[in-house]
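Please open the model in your viewer and keep the selection panel at hand. The tour begins with the whole chain and then stops at two residues.

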Amino acid sequence: MPETTVVVGIAGSGKTETAMNLLEDRLQGGLKWHQVGYSSFSRSACLEAAQRASKLTGVDCDRLQKEGFFRTIHSSVLRLLGLDPKTILDHESAEGRKFMTEVLGAPRGGETGTLSAKIDDALSWWDLQRARLSRLRRIDDCTLLNENRDHPDHPRAPTDHPRLRAENADKTLDFCAESDVRHPDFTYRGNLISNLPYSHPDAKNSNVGVRSDIIFKNPHIRQEKLRSPVGGGWVGAGERMSAKSTDFDKIGAFGEIIGKYETQKRVWGKLDFCDLLFKYAGIRVDENLEFQETYPEGSVPAEIDLWIVDEFQDCSSILDRCCQRLAEAAQELWLLGDVYQSVYGFSGSEWQIMRARETQAKEEGRRVVLNRSWRNPEPVIEWGEDILRRDPQYESREPVSETGEGSTGLLEWKELVRLLPLLVNSDTMVLSRTWFNLGKVTQFLDSAGIPWKSIQEKMKSRWEAPVQIAFVLVLRDLREGLRISEHDWRRVTEELPQKMDGRELFVRGAKAKWKKMECSQEVKRTLDELEKWGATPEFADFIRTERWRVDKILLLDQAIERFGIDCVRNPGIRLGSCHSAKGLGARNVFVLSASTEKASGAAVDFYEDLFLKYVAITRTRENYRLVVDQMDLARGKPMFWAAPQGFRTFVDLPEGAFRDREAGNGCADAIFEMGGGSGMDLDHKISGRNLRKEGDAGYPDKHQGTVSGDRTEASEREETRISGEIAGVRETEDQEEWWNL
């Protein structure tokens, strides 16, 4: 097994940058590119690692990803299994929707009450069970006896392990002693049953019940994880259930759909993304929809000496198994993450896995703590710490701010409405517990003609319309007597109809002609010269009289006049849920306290709510405000109170909150000023002297060492700004989105 180091970083401490620097150090130290594996849970993070390695090694970035292991875990597993990507069943693709329709009668997802919605509910629940291995029949939590160990396909028959031989078949192991129990394949730290360090005594409805601190040394021997029928939480010794009793109530409702889905996948020769992980980890689904261990498929990359896994706090049980097997032959395994930023439990991630790894690494003196925030000012850090201190088992990382001044406080809803037009060119983010609660913010912004963009992939802003923006810029140039290029003119012929108000704008055949032509970007003609390209006199009159300024075009043109083209192309105001903001940052962050009973009621998981509040607060670079509607407060509505308990002080924004974004900085997602910065060059070296290595005795001074330069987090890199050249915009756009503005 590899020597494992766990890097724990507070929000804004630059965990991903640390991973990048580790990668560079090893490559400069003589490690070859094909001896390094880098995995994260996003393609963009893996791409950045490949770009860094490419710059150092001279090997093409595409080759590093295709032939090497700068890949997501799913992609790495797919390669090592040697499967054709065409066998992968993607529910969102046309082929996937066809499969779902033919097999289950409808595609996945749809309106509540429809068959599509029921299918989505069933498969979402099934994905969660598979991610967490909730139905795994392995080892009872007080014995090492496996009821299925005599199965011919089981990887460990009774004679394979000295503790499972026939003479010991009736013996159980006492894991309840206070002292550590050592075993070649297991390390149980502390009292397995009564010493439950990460349960919250007051969180009666928490999905995270009691669980022991278990460290797994052998990736193929795991303790069975038993979950309660309510919320899938951990079950204590007194509440243990047999494997058959862990079916939950939902398996009865969803069993028919899931059974048909699993059967037809085999008939069609298809695998979904969870199936890939199951094959590689050695898990199969039996006829009762329970999980059994079997022989793992695929190979282990023996050439890898260093494997880095970023954002490890988002690992699920099945992903953790695959990570262990991927790094089985490596000499070093580095895991980076932060338990308190694990907010994807709804999709299967389990923060307890990261916590167990961190605990073991700390005891072995192989934990590295990044406790200096290059994003959050001191007041924001203190509010974040106030949230985390609500966890009775919280161990402070003693965070230190390395940024300038900042402020925290409450803000009334009506005051936010007044401020938003003033913040349009500032780096501002408005967050909420759920997207539903952002509805009144989006409605106000659209009605006021204020550009904004969404930070959620599936919630597109109407202002994210590069084709319309490019078209408006061409018409504005023509109105002002400027020259346009052939490419600009083709854009005009595509966007405008042949006739407007019964008058021809183009010579017959001009639209079809320009659609087929190869066009130059060189500016050549003004409005008065466009007749040579097929414009009619009516077209010139159409432009001069500004009859084109209607509907969506008028709104865009007005926004360009009021706020400037940079703001319209790349709005300073961003909206999203707290989940979608993870990894991002902004100068001004507003979090809506309004919530729903489902999202903030009594049934909400204690730790999920805790982590989400911490993530929301720590997105802030300067000014944080919790937005409160006094009427909601008076009526006792559910609240997402991302602030200290009992805090009731309303604080105005400082004058500096309204200054424009720095030139060339976009929304400044990735810039952490660290004093005397030297740019954002990919090969820029960062000192590691701010890293604290901890053993069993005490903590070194957290202030020791200095760090210079700029630090970025990969997930925070701003996408390339849309080019001023119209050739760079997308060719297709949903035109109807703008009609309701």
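What follows goes from the overall view to individual selections.

This is a predicted model, in which local features need pLDDT of at least 70 and side-chain atom pairs count only at pLDDT 80 or more, while totals for chains, interfaces and linings use all residues. Residues are numbered from 1 along each chain as its sequence is written, and side-chain values use heavy atoms, with hydrogens and water left out.

**Whole protein.** Show the cartoon to see 22 helices and 24 strands, which are DSSP runs (helices H or I, at least four residues; strands E, at least two) numbered from the N terminus. Of the 741 residues, 56% count as buried, where buried means under 20% relative accessible area with a 1.4 Å probe and protein chains only. Switching to a surface, the protein exposes about 31700 Å², of which carbon and sulfur atoms supply 49%. Among contacts (heavy atoms within 4.5 Å) with a separation of 6 or more, residues 24 or more positions apart account for 78%.

**Select Gly534.** Gly534 lies in the loop between strand 20 (523-525) and helix 17 (537-544), and Gly534 is buried because its relative accessible area is 9%. Leaving aside residues up to four places away in sequence, Gly534 touches Trp489, Leu505, Phe506, Val507 and Ala510.

**Select Arg476.** Arg476 belongs to helix 14 (residues 466-479), and with a relative accessible area of 13% Arg476 is buried. Which residues does Arg476 touch, not counting those up to four places away in sequence? They are Trp548, Asp557, Ile560 and Glu561.

Conventions: Buried < 20%, exposed > 50% of the residue type's maximum accessible area, 1.4 Å probe, protein only. Areas by Shrake-Rupley, 256 points an atom, 1.4 Å probe, with all protein chains shown as cover.
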